[in-house]
Amino acid sequence: MKVEFEKKLADYAVQRKIEQSASFNKTKIKKMIQRNNFLEKIKKETAEKLASMAAQDKPKYKALTRSLILQGLLKLMEPEVIIKCRKSDVEMVKELVEDLRTTYIEKVTSEVPKFKGTNLDCKILVDESEYLPEFHDEESGLASCLGGVELKAHRNRIVCNNTLEARLELCYQEALPEIRDILFINNP
């Protein structure tokens, strides 16, 4: 009888530990979901600010787009690149192309040893047959793009996605550990 009682007591202790562990895990998961929702809210608010900047501060958006295109050109380093943008940005991107071509060639021929002193050329085309989607509110359910560009080379086999969404996601993923540390100090 004593052995049976000890076995039941041990079974009860094991069951109690299992219940405590399950409760702890459930609380931890709930907390992780709340943190993730908060971080996603921050990301969404940042995206809204980017959309607002792109729509309202044209000179700033133009300078940002120029930087994104130049960065894409330097990343691809191809003799022919096609730029895909939103239809509403086509004229602005076309205005930038010649200056970007000159800047790109100067930068590459002065900073890349392989191309120093060479007669480098780069053909930059703006795709007017296919566009990135225009920005729409999330509630619309339509495909949406905050702005920026996609650069393509080698018959669209090489793609450099420099849309504002892609850049935001990249920054978000890189900064996530720091953001967590700042927002959730000493509270894993």
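Of the 188 residues in the protein chain, 30% are buried, where buried means under 20% relative accessible area, exposed means over 50%, and partly exposed lies in between (1.4 Å probe, protein chains only). The structure is a predicted model, in which local features need pLDDT of at least 70 and side-chain atom pairs count only at pLDDT 80 or more, while totals for chains, interfaces and linings use all residues. Residues are numbered from 1 along each chain as its sequence is written, and side-chain values use heavy atoms, with hydrogens and water left out.

## The whole chain

Let's start with the overall picture. The protein chain has 4 helices and 4 strands; helices (H or I, at least four residues) and strands (E, at least two) are DSSP runs, numbered from the N terminus. Reading along the sequence gives the pattern α-α-β-α-β-β-β-α. The protein chain is more spread out than a compact globule, because its radius of gyration is 26 Å, well over the 16 Å that the globule rule gives for 188 residues. That radius is taken over C-alpha atoms, and the rule is 2.2 Å times the number of residues to the power 0.38. Along the principal axes, the C-alpha trace spans about 95 × 40 × 30 Å.

How much of the contacts with a separation of 6 or more comes from residues 24 or more positions apart? The share is 69% in the protein chain, with contact meaning heavy atoms within 4.5 Å.

The accessible surface of the protein chain is about 13100 Å², and carbon and sulfur atoms hold 56% of it. These areas come from the Shrake-Rupley method with a 1.4 Å probe; for residues, only the protein chains shown count as cover.

As for charge, the 33 positive and 31 negative charges have mean positions 6 Å apart. Lys and Arg count as positive and Asp and Glu as negative, while His and the chain ends are not counted. Each charge is placed at NZ of Lys, CZ of Arg, CG of Asp or CD of Glu.

## Helix α2 and what follows

Helix α2 covers residues 58-76, and its 19 residues should span 27 Å at 1.5 Å a residue; the end C-alpha atoms are 26 Å apart, which agrees. The expected span is 1.5 Å times one less than the number of residues. Among the buried residues of α2 are Tyr61, Leu68, Gly72 and Leu76.

Just after α2 comes Met77, in the loop between α2 and β1 (80-84). Most residues other than glycine have a negative phi. Met77, however, has a positive phi near 45°. Arg155 also takes a positive value, near 50°, and lies in the loop between β3 and β4 (158-163).

| Residue | Relative accessible area | Class |
|---|---|---|
| Lys43 | 18% | buried |
| Leu146 | 4% | buried |
| Met77 | 32% | partly exposed |
| Arg155 | 76% | exposed |

Lys43 sits in helix α1 (residues 2-56). Which residues does Lys43 touch, leaving aside its neighbours within four places in sequence? They are Leu168, Glu169 and Tyr172.

Leu146 belongs to the loop between β2 (123-126) and β3 (148-153). Leaving aside neighbours within four places in sequence, its contacts include Ala47, Leu50, Arg86, Phe135 and Leu164. Leu146 and Glu134 are 12 residues apart in sequence, and their C-alpha atoms are 7.3 Å apart in space.
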